[in-house]
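Colleague: I would like a close look at one part of this protein. Please take me through it step by step, and then show me what surrounds it.

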Amino acid sequence: MAAPGPAAVSGAAGPGRGGPERPLTRLLPQGAGGRAVRVGTRRSQLARIQTDSVVEMLRELYPDLHYEIVAMSTTGDKILDTALSKIGEKSLFTKELENALERNEVDLVVHSLKDLPTSLPPGFTIGAICKRENPHDAVVFHPKNSGKMLSLLPEKSVIGTSSLRRAAQLKKKFPQLEFRDIRGNLNTRLKKLDEKEDFSAIILAAAGLKRMGWENRIGQILSPEDCLYAVGQGALAVEVRAKDQEILNMVSALHDGETVLCCIAERAFMKHLEGGCSVPVAVSSMLKDGQLYLTGAVYSLDGSDSLKETMQTSVNYPQQNEDGPNDDVQHVGITAKTVPCQAQQAAENLGAELASLLLSKGAKHILSVARQLNDAC
């Protein structure tokens, strides 16, 4: 079940979005040159594009500051011959960036939110979640299959995906197709698709394709009825040191209230299930008229066994604008000063309650078997 279109969250404005401006005394350039705000990112083209977009938003809000982008490779970028679900590292695309943040080599880091574990290392927080791009999955077809849909591909056609979540759902929906792992960044995967005959199509996040300017390669968008998406998919997160109030205040201007609440609910669902990339967990969320809707599901590796439920809750709370000891409370790793605290708590409770409902119906067994089978393969 998917709820209808989005609505704004009451009181979710921040600096640059109708909320109060916060002075940045430490970071404002003093004299000639000043010091730069150092922004950490992965080296991939998509990561750089995403980071550039965040820096541009910051530059519009704080034009007097200087910005320096620091790019680095992560474990996930270096291990390209093994499926992500088998590497067994929770912070595949974030660890090196967080190490730099801890060593004070960068001031903030831009991530794809879906790469960030639901529990962050001590001392870190997600200080901003930007407005979400299309969170759904997209099908990119081999040129010879241009104009087709998954349902029209010949039997035994091979579909490439690096995601257990996508494979589990699509195996159930399209049992006549075969699914095979494909690794690499977006450029690499598209090259593997176009220059070889190994795959009839590959499944990628629509958001990444759009940010790369490759919307014309999207042959089919998968609806939630076909394939629920990953927790946090399509959203960009800015991770900072939790005690760095100047930077935290600065990046909080980038929070999008609707995206924050949807992603808090999704991350709470994942955390309560103890899920991750090694098991098929999927979601869909929507905000409409002050009601937050969350659909969550778990699957066996082949999609034959699954549980799926939808719940909703009210998040229509005003912004309190009160300073105090709860000002920097985190919800599943997110600090959102510009979003009503009661709304954040309601979103977190929604995710936990939906997970509890699925666990009461046998989700733990499904996920346990999926994890064991994945480890054994």
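In what order do the five strands of the open sheet run, and what is the pairing?

Modeller: Keep in mind that this is a predicted model. The order is β7-β6-β8-β5-β9, and the pairing of this open sheet is mixed. Two strands sit at the edges: β7 (178-180) and β9 (220-222). Each of them pairs on one side only. On average, neighbouring strands are turned by 30° against each other, with direction ignored.

Now look at one pair inside the sheet. Strand β6 (residues 158-160) and strand β8 (residues 201-205) run parallel. Two bridges join them. In general, strands of a sheet pair through backbone hydrogen bonds, either parallel or antiparallel.

Next, the helices. Helix α5 (residues 164-173) packs on the sheet. It touches β5 (137-141), β7, β8 and β9. The direction of α5 makes about 125° with that of β8. Helix α6 (residues 186-195) lies across β5 and β8. The angle between α6 and β8 is about 165°.

Ala168 and Asp305 are 137 residues apart along the chain, yet their C-alpha atoms are separated by 9.4 Å. Asp305 is found in the loop between β12 and β13 (306-314). With a relative accessible area of 37%, Asp305 is partly exposed. Beyond four places in sequence, Asp305 touches Val298, Tyr299, Ser300 and Ile366.

Val298 leads on to the largest nonpolar core. That core has 45 residues, and Phe269, Leu292 and Val298 touch the most other members. Several elements each supply at least two residues: β4 (124-129), α9 (257-273), β11 (281-288), β12 (291-299), α10 (341-360) and α11 (363-376). The largest share, 10 residues, comes from α9.

Leaving aside neighbours within four places in sequence, Phe269 is in contact with Val281, Ala282 and Val283, among others. Its partners also include Leu294, Gly296 and Ala297. Further along the chain, Phe269 meets Gly351, Ala352, Leu354, Ala355 and Leu358. There is also a second, separate core of 21 residues. Cys130, Val240, Ala253 and Leu254 are among its members.

Thr41 is buried, because its relative accessible area is 0% and the cut-off for buried is under 20%. Thr41 has polar partners. Its side chain makes a polar contact of 2.8 Å with the side chain of Thr51. The side chain of Thr41 also reaches the backbone oxygen of Ala47 at 3.4 Å. Not counting residues up to four places away in sequence, Thr41 touches Ala47, Arg48, Thr51, Ile69, Val70, Ala71, Met72 and Leu97.

Last, a word on confidence. The protein averages a pLDDT of 86, and 82% of the residues score at least 70. Residues 1-23 stay under 50, and the model gives them 60 contacts beyond four places in sequence. Residues 76-89 are also below 50. That stretch has 28 contacts in the model beyond near neighbours in sequence. Where pLDDT is low, the predicted coordinates should not be read in detail.

Note on methods. Residues numbered from 1 in each chain as written. Predicted model: local features only at pLDDT ≥ 70, side-chain atom pairs only at ≥ 80, totals over all residues. Heavy atoms only, no water. Core = buried A, V, L, I, M, F, W, Y, C linked by side-chain atoms within 4.5 Å. Buried < 20%, exposed > 50% of the residue type's maximum accessible area, 1.4 Å probe, protein only. Helix = DSSP H or I, 4+ residues; strand = E, 2+ residues; numbered from the N terminus. Contact = heavy atoms within 4.5 Å. Polar contact = N/O pair within 3.5 Å; in protein donor to acceptor, adjacent residues only side chain to side chain. pLDDT = per-residue confidence, 0-100. Pairing = 2+ DSSP bridges. Axes fitted to C-alpha atoms, helices over the stretch in contact; angles between N-to-C directions.
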